[in-house]
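Hi there,

Here is the structure I promised to pass on. Have a look at it first, and then read my notes below.

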Amino acid sequence: MTTSPKGTALITGASTGLGAVYADRLARRGYDLILVARDAGRLAALAETLGNDTGRTVDILRADLTDAGDLAAVEARLADDAAITLLVNNAGMSLNGGLLDSTPAELERIIALNITAPTRLARAAGNAFVGRGAGGIINIASVLALAPEMFDGVYSGTKAYLLNLSHSLAAQVEGKGVRVQAVLPGATRTEIWERSGKDIDSFPAEWVMEAGDLVDAALLGFDRGETVTIPPLANEGQWIAFEAARHAMDGKLSNRAVAERYREAVDA
């Protein structure tokens, strides 16, 4: 095996689901890989298969990203390994229930995995990539970032955070050779549903996208330089209008004067 001219992609949550598909697609695009997940056995099996099938170098890094020591080890790899050119922040979890149904420990875990870990990894990768003038960061968010009333607000809130983080980071690194993309999947056939006690087959069949289709579309969006990619959204004009409406408020959201609509009417 030879070192890839495309460099190495580090993928979190790589043992199953979207992470495993990203690993397959990126290896076939010519990237070497570092696969990060908790299940060392699954990682080893996937690494062997991908190495044999693609001829790329595939390393594994067993880590529970809710563990401070494990998270620090992945941060250090991103900071110190100059071969890494792409971070895929894919690891995440959902809850079996909502805010009022979950224990404090469950809430702490989802925040640690869905918010704290990708934030710290994006920081480590972003600083390294800016220093080298090249690199890419892909954050896996969700369409629920745009529809918080539909399902659990804790999960959708963590994905809205990733969307905001991606927008902000993309603006911060503009012109520095670093690309940032937020991917917003809809319902996609992966193990996250079963792990959180949900049945993906309870959704209408026309709602559910296959993982391979999702990743292929997301990578096409990345190739096109999109900051936000929403594979299931057929009408791009709706997203463009949404963003235009949001930006129409730029410069109007902070004012020393209270808006007239919040002033008490005073009788003449």
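Predicted model: local features only at pLDDT ≥ 70, side-chain atom pairs only at ≥ 80, totals over all residues.

Numbering starts from 1 along each chain as its sequence is written, and side-chain values use heavy atoms, leaving out hydrogens and water.

The protein has 8 helices and 9 strands (DSSP runs numbered from the N terminus: H or I of at least four residues for helices, E of at least two for strands). Its radius of gyration, 20 Å, is close to the 18 Å that the globule rule gives for 268 residues, so the protein is as compact as a globular protein of that length (C-alpha atoms are used, and the rule is 2.2 Å times the number of residues to the power 0.38). Along the principal axes, the C-alpha trace spans about 85 × 45 × 40 Å.

Now to the helix pair. The axes of α3 (residues 68-80) and α4 (residues 104-132) come within 8 Å and cross at roughly 20° (axes are lines fitted to C-alpha atoms, for helices over the stretch in contact, with angles from 0 to 180 degrees between N-to-C directions). That makes α3 roughly parallel to α4, a label for angles under 35 degrees.

Best wishes

Terms used:
Parallel < 35°, antiparallel > 145°, perpendicular 65-115°, else oblique.
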